[in-house]
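Dear colleague,

Please find below the structure I am handing over to you, followed by an account of what was found in it. I would be grateful if you could read the account with the structure open.

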Amino acid sequence: MSEQLGSLARTHTCGALRAEHVGVQSVLLGWVHRVRDLGALLFLDVRDRHGITQVIVEGDEALLERAKRLRSEFVVAILGEVERRAPETVNLNVPTGEVEVRAREIRVLNEAKTPPFSIAEDQNVSEETRLRYRYLDLRRPTLQKNIGLRHRITMALRKYFDEQGFYEIETPILTKSTPEGARDFLVPSRVHPGEFYALPQSPQIFKQILMIAGFDRYVQIARCFRDEALRADRQLEFTQVDLEMAFATPALVFEIVEGALAACFREIGVEVKRPFRRMPYAEAMAKYGSDKPDLRFGLEIQDFRAIFEQSPFGIFREAIEHGGTVRGFVIPGAAAYSRRELDQLVDQAKALGAGGLIYARHTADGVQVSAKAIGEAGARAALDAAGATRDDLLLLASGAPDAASKMLGQLRLQVAKQANLVPEGAWELLWITDFPLFDWNADEKRWDSVNHPFTAPREEDLARLESDPGSVLAKAYDVILNGWELGGGSIRIHDRDTQATVFRLLGLSDEDAKNRFGFFLESLEYGTPPHGGLALGLDRICALLSGETSIREVIPFPKTTQAVDLMCDAPSAVDPRQLRELSIRINT
């Protein structure tokens with residue numbers, strides 16, 4: 001039966017007691033973490049989010065009998081005196097390991113059913129079970145540590161941006177549907193039947209309007225919503241660190257964002273090197289097959305077109321004749337791979353969409369190449385051009401330049417993981433710059449924005465904006481950490497004529513643009529300063545700095561990959577009366 005807390009107040013958290021507290025009377029409030037019953041002696045670990053303290057119960061028969069009824073996850077109050085542990089029982093693995101509390105009173109504030117999984121043990125629990133009982137999962141030390149780090153990172157960012165002269169300003173959650181690259185979540189209006197709000201995919205337009213309004217520097221820890229497929233680094237609702245600056249240049253944005261990320265890293269005791277490396281989009285795609293390359297290891301993709309233009313190997317020669325190329329990368333120390341390991345690499349490449357994969361290596365008898373038509377001379381030339389030593393393995397693939405690099409880029413990530421080439425504790429930050437402004441949508445016969453429709457073209461490309469849109473590069477940039485995109489942004493269009501031109505190139509008629517963005521287009525006519533900014537993914541930052549591979553491990557209440565909240569059983573049906581009030585009929 002539960003007892004009352006009454007006037008009892010906590011004197012110390014379960015992670016606070018040290019040797020200097022010996023002799024102090026303490027009140028601990030928390031959960032029973034573990035019970036070790038030794039008959040006439042009982043040890044009790046009591047836990048809260050600050051840590052664990054060992055409690056000893058002996059001598060008092062009534063108190064001992066009471067303690068023997070305790071079970072894991074009971075909520076208790078412990079009153080007792082802090083004692084020094086015997087030397088042979090000191091536990092240096094926990095901060096409180098030099099002391100224990102000798103209990104003189106135990107109050108059971110609430111009992112608990114047996115949990116579906118252990119909080120004390122690091123069990124391999126299914127994600128479905130963890131998310132269904134998320135309130136229990138969140139008690140586990142790892143998640144408590146992750147959420148604690150998230151708090152500290154958020155506070156460090158707020159402090160940093162305040163010092164840099166930013167105002168934190170909230171923007172609307174109920175807003176107008178705009179094209180941001182993903183599906184909107186729509187909210188029906190009861191007052192205006194048949195009309196809808198949209199939940200924001202980002203505060204993009206509002207933060208630009210704040211620059212027009214003269215606020216100069218804006219930041220917001222913003223909740224955003226996108227109805228898109230979920231994966232390890234995406235959720236339907238997420239948090240971004242959104243910022244915008246008037247009179248911004250890319251260099252200014254880089255300086256401010258690098259300082260913000262440095263503040264985040266200090267929360268895990270790491271000082272990152274600045275300025276970050278910068279790499280044009282075209283170089284990233286050619287050398288790493290990705291616009292978010294992981295630079296913690298080598299395996300850089302190289303181009304071998306010049307070597308194979310006249311090759312007797314028809315597949316390579318014909319690919320080049322049709323505008324393609326031959327690209328590949330070297331795996332250090334892999335010349336000794338077995339036939340099974342080599343076949344596995346070929347199978348991996350095919351699974352990634354390649355027609356095949358050629359490998360070459362030095363052997364005691366000369367040079368071995370898996371496509372004999374290439375010949376020893378051709379293989380040797382490729383190995384030499386790649387800088388491959390006698391211990392290395394060269395992988396080659398042909399095709400359209402982008403397609404070949406993208407396939408090899410995915411393969412290099414798999415190889416690096418399988419060959420243990422990714423160094424632990426390494427942090428590689430860089431900026432990807434000079435993105436294309438547009439991407440041709442062959443299905444709809446129109447241009448799409450690579451970033452978003454408010455991104456400014458480079459000044460030197462403005463003259464070709466209408467005549468050759470595909471050649472125009474954007475004043476856009478992404479910041480990358482260890483192969484994850486932490487955030488992206490751009491310098492924005494700040495004049496109405498250029499913005500209207502971009503809308504037309506995206507297939508929006510002047511009337512459509514007015515209906516969707518009329519208020520914004522009008523605002524551009526009232527003295528809009530040049531401006532730009534960026535949005536950082538707070539969930540991704542926290543996941544990486546916590547050492548996690550999924551943002552679900554740093555979000556208190558995430559959805560499953562099927563977009564379901566198992567704890568709340570959402571989404572779910574609603575009362576038909578609510579639908580009638582909203583003038584909504586469901587067609588099944």
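The largest pocket of this predicted model holds about 1,400 Å³ of space. Its lining comprises 49 residues, and those nearest the centre of the pocket are Arg 226, Arg 234, Val 450, Asp 478 and Glu 485. Several elements give two or more residues each to this lining: the helices are H5 (204–212), H7 (281–288) and H15 (538–546), and the strands are E10 (237–246), E18 (438–441), E20 (476–481), E21 (484–491) and E22 (531–537). Strand E21 gives the most, with six residues. Sorted by class, the lining of the largest pocket has 17 charged, 17 polar and 15 nonpolar residues.

The second largest pocket contains about 1,000 Å³ of space. It is lined by 36 residues, and Asp 294, Arg 296, Asn 482, Trp 484 and Thr 549 are the ones that lie nearest its centre. Helix H12 (401–418) and helix H15 each supply at least two residues of this lining, and H12 gives the most, with eight. By class, the lining of the second largest pocket divides into ten charged, twelve polar and 14 nonpolar residues.

Helix H15 deserves a separate paragraph. It is among the elements that give two or more residues to the lining of the largest pocket, and it also supplies at least two to that of the second largest pocket. How many of the nine residues of H15 are buried? Eight of them are, so the helix is largely enclosed by the rest of the structure; buried here means a relative accessible area under 20%. The buried residues are Leu 538, Asp 539, Arg 540, Ile 541, Cys 542, Ala 543, Leu 544 and Leu 545. Just after the helix, Gly 547 adopts a positive phi of about 80°.

Ile 173, Leu 174 and Tyr 197 make a nonpolar surface patch of about 260 Å². One of these residues, Leu 174, is located in the loop between strand E6 (167–168) and strand E7 (186–188). Why is Leu 174 classed as partly exposed? Its relative accessible area is 43%, and the class partly exposed covers values between the 20% limit for buried and the 50% limit for exposed.

With kind regards

How values were computed: Residues numbered from 1 in each chain as written. Predicted model: local features only at pLDDT ≥ 70, side-chain atom pairs only at ≥ 80, totals over all residues. Heavy atoms only, no water. Patch = residues over 30% accessible without salt bridge, like charges linked within 9 Å, V, L, I, M, F, W, Y side chains within 5 Å. Areas by Shrake-Rupley, 256 points an atom, 1.4 Å probe, with all protein chains shown as cover. Salt bridge = Lys/Arg side-chain N within 4 Å of Asp/Glu carboxyl O. Helix = DSSP H or I, 4+ residues; strand = E, 2+ residues; numbered from the N terminus. Buried < 20%, exposed > 50% of the residue type's maximum accessible area, 1.4 Å probe, protein only. 1 Å grid on protein atoms, 1.4 Å probe; cavity = no way out; pocket = protein on both sides within 12 Å on 5 of 7 lines; lining within 4 Å. Points joined across faces, edges and corners; volume = space filled by probe spheres on them. Nonpolar A, V, L, I, M, F, W, Y, C, P; charged D, E, K, R; others polar.
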